[in-house]
Amino acid sequence: MHYSEGAQWRPLFETTQAALQIVIGCGHNVCKFCTMYKGTRYRMSDRAEIEADIDEIARFWIVPPKRIFLTGGNAFGASQDHLAFALKLIREKLPQTESIGCFARVSDVKAKTDEDLRELAELGVDDISIGAEGGYDPALAFMGKGHTASDIIEQCARLDTAGISYSLFYLAGIAGAGKWKDNVRATVSVFGQTHPRRIMVHTLTQFPGAPLLRDIERGNFVPEDELDILRELRMLCAELPIDVLVLAAHYGNTVPFNAWLPENRDELLAHLDRVIDRGNEDALRTIRKSVKSM
Ligand code: SF4
């Protein structure tokens, strides 16, 4: 397989799928907290390499994969022509594939026409993972996400219409100290107007090389305490008004959990309350320091 430099990162729920590289790097690459693709030039994969990789999957997977994950920071942002090339080849050479996922930026969806989205749905694209991170405009703007809360609502509605399902990332701690309630209130309102299959929770971590570190040094951003991050997640899970699976088992969360809302809500909130009531900020910070990558 032709996996190039840069991260080959996938959401946890995609790790059992076949991974096919169709783009390298991230076409945005300026989010302040992210170090994932720093130093990697964003580009489309060579088409001969894509074809060779699809042939390799067809030849070597004993049980043909029912789902393919297109790697790269935002494969959905590839040109329509490039995406259609890869998707048609998958259909031709891996006919048992039932769906194809990838990372998408909100602005990638915005850049596609309704006709583009319909074509992608027809070619098997479904259950994509979108780096929304939250619905609080000041935090989205500060971190350089390149989309607004209303963009999230509008573009998710367009995906709903096109028949492409999606999951949304939520980045706990994105608003900084003292702002988590504003962040959660805005996010509950925004995510509550969408229909995600999952909300995938990560927690803001200060990784070496992240542009955010300069803001912290200059006093432009004060990170949230770990206990406040748990209070933030508690409030989010208490108030989300949609039926959704919350996946927060990533090792970058100090209290990993997965929960269906609303079914598991009471149990989850009681669990978070027990940890919050212990009040052991130092222990949580020790866990945070052990987190070395996204
Ligand atoms: S968070 Fe996502 S969109 Fe932002 S730079 Fe990292 S990979 Fe790119």
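**Figure 1. Helix α4 passes helix α6 in a right-handed crossing.** Right-handed here has the near helix turned clockwise from the far one by less than a right angle, and left-handed has it turned anticlockwise. This is a predicted model, in which local features need pLDDT of at least 70 and side-chain atom pairs count only at pLDDT 80 or more, while totals for chains, interfaces and linings use all residues. Residues are numbered from 1 along each chain as its sequence is written, and side-chain values use heavy atoms, with hydrogens and water left out. Look for α4 at residues 114–122 and α6 at residues 149–162; their axes come within 9 Å and cross at roughly 50°. Axes are lines fitted to C-alpha atoms, for helices over the stretch in contact, and angles run from 0 to 180 degrees between N-to-C directions. The two helices, α4 and α6, are therefore oblique to each other; angles under 35 degrees count as roughly parallel, over 145 as roughly antiparallel, 65 to 115 as roughly perpendicular, and the rest as oblique. On the α4 side the contact is made by Asp-114, Leu-117, Arg-118 and Ala-121, and on the α6 side by Arg-158, Leu-159 and Ala-162. Contact means heavy atoms within 4.5 Å. Sorted by class, the residues where α4 meets α6 are four nonpolar, no polar and three charged. Nonpolar covers Ala, Val, Leu, Ile, Met, Phe, Trp, Tyr, Cys and Pro; charged covers Asp, Glu, Lys and Arg; the others, Gly among them, are polar.

**Figure 2. Strand β6 is mostly covered.** Here you can follow residues 128–133, where six of the six residues are buried. Buried means under 20% relative accessible area, exposed over 50%, and partly exposed in between (1.4 Å probe, protein chains only). In a regular strand the side chains alternate between the two faces of the sheet. On one side of β6 sit Ile-128, Ile-130 and Ala-132, on the other Ser-129, Gly-131 and Glu-133, and all are buried.

**Figure 3. β6 has strand neighbours β5 and β7.** With strand β5 (residues 99–104), β6 pairs in the parallel sense over two bridges, and Ala-104 has Ile-130 of β6 as its bridge partner. With strand β7 (residues 166–172), β6 also pairs in the parallel sense, over four bridges; Ile-128 finds its bridge partner in Tyr-166 of β7. Strands pair if DSSP finds at least two bridges between them. Helix α6 lies across β6 and β7, running at about 160° to β7. Helix α7 (residues 180–191) lies across β6, β7 and β8 (198–203), at about 175° to β7.

**Figure 4. Eight strands make an open sheet with mixed pairing.** Tracing across, the order is β1-β4-β5-β6-β7-β8-β9-β10. The edge strands, β1 (18–21) and β10 (257–261), each pair on one side only. From one strand to the next, the twist averages 25°. Strand β4 (residues 67–71) runs parallel to β5, joined by four bridges, and Phe-69 stands opposite Gly-101 in β5.

**Figure 5. Helices α1 and α2 are roughly parallel to each other.** Helix α1 (residues 47–60) packs on helix α2 (residues 80–93) at an angle of about 25°, with the axes 10 Å apart. α1 passes α2 in a right-handed crossing. From α1, the contact uses Arg-47, Ile-50, Glu-51, Ile-54, Asp-55 and Ala-58; from α2, Asp-81, His-82, Phe-85, Ala-86, Leu-89, Ile-90 and Lys-93. The contact of α1 with α2 has seven nonpolar, one polar and five charged residues.

Figure 6. Not counting residues up to four places away in sequence, Asn-183 touches Gly-135, Tyr-136, Tyr-170, Ile-174, Ala-175 and Glu-232. Leaving aside neighbours within four places in sequence, Pro-65 is in contact with Ala-18, Ile-57, Gln-96 and Thr-97.
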